[in-house]
Amino acid sequence: KDEGFHIVFAGQLSALNGVTLLLDALDHLGGDVRVTVMGGGPLEETVKARAARDPRVTFLGLVSHDRVLEEYSRADLLVNLRLTDNQTHRYVFPSKVVECLATGVPLLSTRTGHVEEQFGGFVYILDSETPEELARRVMEVMAMSHAERAACGRRAREFVTENKTWEVQVRRIRRHIEGLWEAA
């Protein structure tokens, strides 16, 4: 494993997805934090420019899903920073959250959609969407022992495996339909 605390972001590179928030938070974090960014979008040039002048930032651009999973496995912390000041945040399907939790790597997330309600016991929640608060929260997670973070990641993976796979969802839908059929 490389030196330093490694944060990984994968997704569309947009302000709505918290890319600017993440980059700005780096100004409040020490040199022992590294960030790998994967994806494409409106802020791609911003991320490239930051990576060119800040050795803590690695920009990989658009990569295969296998490569994303490989980078996730090398991370100490994954981030899901969908900003909640947009009116649509409560309708966001939590696919990115589920994907991240399934890796077993700890996740820091904003309160988008029903993240806290459904996954609050398995994610580190960002209370305020400011660079300072994100940096503070990252430092809190960094201060935890590796064992504590790993245990959180394991619990998250177990929860997703037991509750959020396609097989589990299909069984729920089937039971629902059968119940409707029986009630008719």
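1. Angles under 35 degrees count as roughly parallel, over 145 as roughly antiparallel, 65 to 115 as roughly perpendicular, and the rest as oblique. Axes are lines fitted to C-alpha atoms, for helices over the stretch in contact, and angles run from 0 to 180 degrees between N-to-C directions. Helix α3 (residues 65-74) and helix α4 (residues 95-103) pack at about 55 degrees, with axes 10 Å apart. The pair α3 and α4 is therefore oblique.

2. A word on the source. This is a predicted model, in which local features need pLDDT of at least 70, side-chain atom pairs count only at pLDDT 80 or more, and totals for chains, interfaces and linings use all residues. Residues are numbered from 1 along each chain as its sequence is written, and side-chain values use heavy atoms, with hydrogens and water left out. Helices (H or I, at least four residues) and strands (E, at least two) are DSSP runs, numbered from the N terminus.

3. Which residues make the contact of α3 with α4? On α3 they are H65, V68 and Y72; on α4 they are K96, E99, C100 and T103. Contact means heavy atoms within 4.5 Å.

4. Now the sheet. Six strands form an open sheet in the order β3-β2-β1-β4-β5-β6, with parallel pairing. Two strands pair if DSSP finds at least two bridges between them. The edge strands, β3 (57-61) and β6 (124-125), each pair on one side only.

5. Follow the bridges. Strand β1 pairs with β2 (residues 33-38) in the parallel sense, over six bridges. Within that pairing, I7 has V35 of β2 as its bridge partner. Four bridges join β2 to β3, again parallel. There, V35 stands opposite V57 of β3.

6. Is strand β1 (residues 5-10) buried or exposed? Six of its six residues are buried, so β1 is largely enclosed by the rest of the structure. Buried means under 20% relative accessible area, exposed over 50%, and partly exposed in between (1.4 Å probe, protein chains only). In a regular strand, side chains alternate between the two faces of the sheet. Here F5, I7 and F9 point one way, while H6, V8 and A10 point the other way.

7. Helix α3 also meets the sheet. It lies across β1, β2, β3 and β4 (77-80), and runs at about 155 degrees to β1.

8. Back to α4. Its buried residues are V97, V98, C100, L101 and T103. They pack against α3, β4, β5 (107-109), α5 (115-119) and α7 (146-163). After α4 comes G104, with a positive phi near 85 degrees.
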